[in-house]
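Please open the model in your viewer and keep the selection tool at hand. The tour below goes from one selection to the next and says what is found at each stop.

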Amino acid sequence: MPEIRTEFLFTLALRFDMHSLGDTPRGIRRIARQTTGSFEGPKLRGTVLPGGGAWTIVRDDGVLELEVRIALETDDKQHIYMHWKGLRHGPREVMGRLDRGENVDPASYYFRVTPYFETRARAYDWMNRICSVATGSR
């Protein structure tokens, strides 16, 4: 199998208002409304439009399932839809530290997401064709 090649796209910073629905039959369910955000990288930068959201569940086996949907607005006023799903899991102590907002070595747990992009902007049409697996630190 050929090696997967990746290229740094941008750093994304988001803020959310988180609401917990509590312990449901599938696990601890949280829903968050995205309030602000920004992104910056070598090929594009801009702000994240308010109104996106995140849906998470911490399953009984300790795995966190994550789904996020946001809208990006580039500095040249083009719009890009971004959506990703992912899974996070690791030792209970490490997951506890992450939940408390502490810095944790990314190598000490598993966290993979698959992002998807969609846009009508000709300048960013190349984003309609990319999808990669990334490692997150938090």
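Colour the protein by pLDDT, which is the predictor's confidence in each residue, from 0 to 100: the mean for the protein is 90, and 93% of its residues reach 70 or more. This is a predicted model, in which local features need pLDDT of at least 70 and side-chain atom pairs count only at pLDDT 80 or more, while totals for chains, interfaces and linings use all residues. Residues are numbered from 1 along each chain as its sequence is written, and side-chain values use heavy atoms, with hydrogens and water left out.

Next, select β4, where confidence is highest at a mean of 97, and then strand β7 (residues 134–135), where confidence is lowest at a mean of 44. Helices (H or I, at least four residues) and strands (E, at least two) are DSSP runs, numbered from the N terminus. Over residues 132–138 the pLDDT stays under 50. Where pLDDT is low, the predicted coordinates should not be read in detail.

Now turn to the largest nonpolar core, which has 25 residues, and select Phe-10, Leu-44, Leu-72 and Met-127, the residues with the most contacts inside it. A nonpolar core is a set of buried Ala, Val, Leu, Ile, Met, Phe, Trp, Tyr and Cys residues joined through side-chain atoms within 4.5 Å, and buried means under 20% relative accessible area, with exposed over 50% and partly exposed in between (1.4 Å probe, protein chains only). Among the elements that each supply at least two residues of this core are β2 (27–40), α1 (92–99) and β6 (110–118), and the largest share, four residues, comes from β4.

Which rings pair with Phe-10? Rings of Phe, Tyr and Trp (its six-membered ring) pair if their centres lie within 6.5 Å, and planes under 30 degrees apart count as stacked, over 60 as edge-to-face and the rest as tilted. Select Phe-39 first: its ring and that of Phe-10 have centres 5.3 Å apart and planes at 50°, so the pair is tilted. Phe-10 is in the segment before β1 (11–24) and Phe-39 in strand β2, 29 residues apart. Phe-10 is buried, at 12% relative accessible area, and Phe-39 is buried as well, at 3%.

Phe-117 lies in strand β6, so the pair ties together parts that are 107 residues apart in sequence. Phe-10, Phe-39 and Phe-117 form one aromatic cluster.

Conventions
Contact means heavy atoms within 4.5 Å.
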